[in-house]
Amino acid sequence: MMHAVQWVRSLVFIIVIYFWMAVLGILFTPYAILSKRGALRACKIYARTTLVLTRWMVGIHGEVRGTVPSGEVMVAAKHQSFLDILLIFDAVPHAKFIMKRELLWTPFIGLYAKRLGCVPVDRGRRGAAVAKMVKDVAQEFSTPGQLIIYPQGTRVAPGDRKPYKVGSGVLYKELGQPCVPVATNVGLFWPRKGIMRKPGLAVVEFLEPIAPGLDRNEFMRKLEERVEARSDELMREAGFDPDGAD
């Protein structure tokens with residue numbers, strides 16, 4: 001019975017947050033077109049209110065740990081669901097995401113992503129996509145903020161193991177900036193697919209920065225080790241064994 005009630009609450013929650021996205025998107029469109037600050041303001045309001053609704057409607061309490069970066073850095077994050085996007089975006093002053101090109105054609109998301117300085121990537125073109133990503137990121141230096149990249153290139157369910165792609169290593173070398181790894185366990189409560197949202201403590205944790213200047217392979221090794229090890233610890237903290245998921 002409780003499972004059925006939570007499923008219904010989850011369904012209503014999903015309807016509400018996307019309806020709220022449409023309302024805010026429409027209300028702020030003129031402001032967002034005229035001002036990048038307007039676009040940022042709208043997205044901050046959406047992230048903050050949606051996190052409140054997440055806690056109130058489905059019982060997921062979001063928590064941000066570690067030192068939140070505020071300067072010009074690259075943030076390389078574990079990606080399990082839309083919830084880690086909300087938590088990171090709400091925490092940092094001005095997030096600019098490396099995102100799938102298809103999202104540019106999504107109502108509201110495309111407009112606001114462009115105004116925030118997000119960089120679209122054509123994931124099917126591989127080497128050409130990485131080269132274009134580096135070029136587009138360089139063009140967005142005029143928009144200050146924290147560049148958010150998901151090194152695995154997609155949402156990864158708790159317990160799944162997917163390779164870290166070269167794009168984050170290329171950007172690390174090209175930008176010459178510190179990289180802040182981010183671990184998470186949010187997929188245990190807000191999965192990448194499906195309707196059900198489970199109550200609990202969903203965490204994103206900003207880890208110790210990786211200083212610029214490392215060899216690309218060494219950087220990739222350190223990044224994967226730190227993010228995966230800490231994400232596994234956060235999942236175990238929540239009662240999930242990532243090694244026994246299969």
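A polar contact is a pair of N or O atoms within 3.5 Å; within protein, one must be able to donate a hydrogen and the other to accept it, and residues adjacent in sequence count only if both atoms are side-chain atoms. This is a predicted model, where local features need pLDDT of at least 70 and side-chain atom pairs count only at pLDDT 80 or more, while totals for chains, interfaces and linings use all residues. Residues are numbered from 1 along each chain as its sequence is written, and side-chain values use heavy atoms, with hydrogens and water left out.

**View A. Arg 65 and its partner Glu 237.**
The side chains of Arg 65 and Glu 237 make a polar contact at 2.8 Å. Arg 65 belongs to strand S1, residues 60-65; helices (H or I, at least four residues) and strands (E, at least two) are DSSP runs, numbered from the N terminus. Arg 65 counts as buried because its relative accessibility is 18%; buried means under 20% relative accessible area, exposed over 50%, and partly exposed in between (1.4 Å probe, protein chains only). Leaving aside neighbours within four places in sequence, Arg 65 is in contact with several residues, including Leu 201, Phe 206, Arg 230 and Leu 234. Contact here means heavy atoms within 4.5 Å.

Gly 59 is buried, because its relative accessible area is 18%. Not counting residues up to four places away in sequence, Gly 59 touches Arg 9, Thr 54, Pro 199 and Gly 200. Pro 151 is 92 residues away along the chain, and its C-alpha atom is separated from that of Gly 59 by 29 Å.

**View C. Thr 50, inside helix H2.**
Is Thr 50 buried or exposed? Thr 50 is buried, since its relative accessible area is 0%. Beyond its neighbours within four places in sequence, Thr 50 is in contact with Phe 13, Ile 17, Trp 20 and Leu 86. Leu 86 is one of the buried residues of H3. Seven of the ten residues of H3 (residues 82-91) are buried, so this helix is largely enclosed by the rest of the structure.

**View D. Strand S6 and the strands beside it.**
All six residues of S6 (residues 179-184) are buried, so the strand is largely enclosed by the rest of the structure. Both faces are covered: one side has Cys 179, Pro 181 and Ala 183, and the other has Val 180, Val 182 and Thr 184. Strand S2 (residues 74-77) runs parallel to S6, joined by four bridges, and Met 74 stands opposite Cys 179. Strand S7 (residues 200-206) is antiparallel to S6, with three bridges, and here Val 182 stands opposite Phe 206. Two strands pair if DSSP finds at least two bridges between them.

**View E. Phe 219 in helix H7.**
H7 spans residues 216-237 and includes Phe 219. Phe 219 counts as buried because its relative accessibility is 0%. Setting aside neighbours within four places in sequence, its contacts include Met 74, Cys 179, Tyr 172 and Gly 169. Gly 169 and Phe 219 are 50 residues apart in sequence, yet 6.7 Å apart in space, C-alpha to C-alpha.
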